[in-house]
Amino acid sequence: MDTHNQNNELLTLISQSDEKAFRELFDQYSQLIFSFAYHLTDSDIIAKDVVQEIFIRIWTNRHTLDQIVNIRAWILRLTRNHVLNGLKRKAHETMLLREIKAGLTEDHHPTDEAIQYRELETLLQQAIAQLPPQQQKVYQLSRNAGMKHDEIATALNISPETVKKHIMAALLSIRKYLEKREQLPPRMFAIFF
């Protein structure tokens with residue numbers, strides 16, 4: 001049996017929740033994911049985290065794996081997208097911190113900035129916790145896991161349009177929550193979201 005057929009069989013077994021097949025996939029591809037992630041990030045720690053995140057995503061979406069034609073190309077694309085999404089989130093966080101710093105007075109202390117950022121992060125987590133369960137799940141898969149609408153739709157067995165509606169409703173609720181507490185000036189919402 002050639003490698004292509006073996007991989008297809010492996011994916012079919014994993015899509016049926018076969019943990020032994022999943023372990024075999026991990027053994028075959030974890031080093032490739034690590035090397036590629038390390039190449040993209042130049043960080044041993046981040047690359048190790050990426051390996052874990054990719055395999056969590058693979059297991060979470062295992063019921064769709066039998067549709068994959070070229071597993072190596074798919075895994076590399078998944079890894080690249082995950083790293084790029086992480087870099088985008090980091091860039092947004094950096095921009096937010098710059099906006100917060102710019103809004104502070106001259107006589108502030110770095111400790112004040114850290115406290116303000118932590119308070120803001122806590123408030124955001126409270127806003128997310130107020131969302132209905134399905135909305136919360138969709139929002140977190142989108143923002144924290146970096147999944148695309150179609151990936152979320154597949155994972156949760158809902159339509160991409162429903163995913164889009166959940167995300168829009170979640171963002172609106174979070175904005176209203178933060179506006180009520182007057183924690184962010186309106187110009188910062190675009191950066192934060």
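The part I would like described is helix H2 (residues 19–41).

Reply: Here is the helix, then its partners, then the rest of the chain.

This is a predicted model, in which local features need pLDDT of at least 70 and side-chain atom pairs count only at pLDDT 80 or more, while totals for chains, interfaces and linings use all residues. Residues are numbered from 1 along each chain as its sequence is written, and side-chain values use heavy atoms, with hydrogens and water left out.

The chain has nine helices and zero strands. Helices (H or I, at least four residues) and strands (E, at least two) are DSSP runs, numbered from the N terminus. pLDDT is the predictor's confidence in each residue, from 0 to 100. In the chain, its mean is highest in H2, at 91.

Start at the N-terminal end of H2. Aspartate 18 caps it. A side-chain oxygen of aspartate 18 lies 2.9 Å from the backbone nitrogen of lysine 20. That is a polar contact: a pair of N or O atoms within 3.5 Å, where within protein one must be able to donate a hydrogen and the other to accept it, and residues adjacent in sequence count only if both atoms are side-chain atoms.

Further along, H2 has a kink of about 45 degrees, centred on tyrosine 29. The bend at a residue is the angle between axes fitted to the seven residues ending there and the seven starting there. Just after H2, aspartate 42 takes a positive phi of about 60 degrees.

Now the buried face. Buried means under 20% relative accessible area, exposed over 50%, and partly exposed in between (1.4 Å probe, protein chains only). The buried residues of H2 are Ala21, Phe22, Leu25, Tyr29, Ser30, Ile33, Phe34 and Ala37.

Rings of Phe, Tyr and Trp (its six-membered ring) pair if their centres lie within 6.5 Å; planes under 30 degrees apart count as stacked, over 60 as edge-to-face and the rest as tilted. By this rule the count comes to four aromatic pairs. In one of them, the rings of phenylalanine 22 and phenylalanine 55 have centres 5.8 Å apart and planes at 80 degrees, so the pair is edge-to-face. This pair links distant parts of the chain: phenylalanine 22 sits in H2 and phenylalanine 55 in helix H3, 33 residues apart. Phenylalanine 22 is buried at 17% relative accessible area. Phenylalanine 55 is buried at 4%.

Phe22, Phe26, Phe55 and Trp59 form one aromatic cluster. Tryptophan 59 belongs to H3. Its relative accessibility is 23%, so tryptophan 59 counts as partly exposed. Contact means heavy atoms within 4.5 Å. Leaving aside neighbours within four places in sequence, tryptophan 59 is in contact with Ile14, Ser17, Asp18, Glu19 and Phe22. Asp18 is the capping residue of H2. The C-alpha atoms of tryptophan 59 and serine 17 are separated by 8.2 Å, though the two are 42 residues apart along the chain.

Next, the core. A nonpolar core is a set of buried Ala, Val, Leu, Ile, Met, Phe, Trp, Tyr and Cys residues joined through side-chain atoms within 4.5 Å. The largest has 23 residues, and those with the most contacts inside it are Leu25, Phe55, Ile58 and Trp74. Helix H1 (3–15), H2, H3 and H4 each supply at least two residues. H2 gives the most, with seven residues. A second, separate core of 19 residues includes Tyr139, Leu156, Val163 and Tyr177.

On the loop between H3 (44–60) and H4 (71–103) lies histidine 63. At 51% relative accessibility, histidine 63 counts as exposed. Leaving aside neighbours within four places in sequence, histidine 63 is in contact with Ser15 and Ser17. A polar atom of its side chain lies 3.3 Å from the backbone oxygen of serine 15.

Finally, confidence over the chain. The mean pLDDT is 78, and 75% of residues reach 70 or more. The mean is lowest in helix H9 (residues 189–192), at 43. pLDDT stays under 50 over residues 185–193. Where pLDDT is low, the predicted coordinates should not be read in detail.
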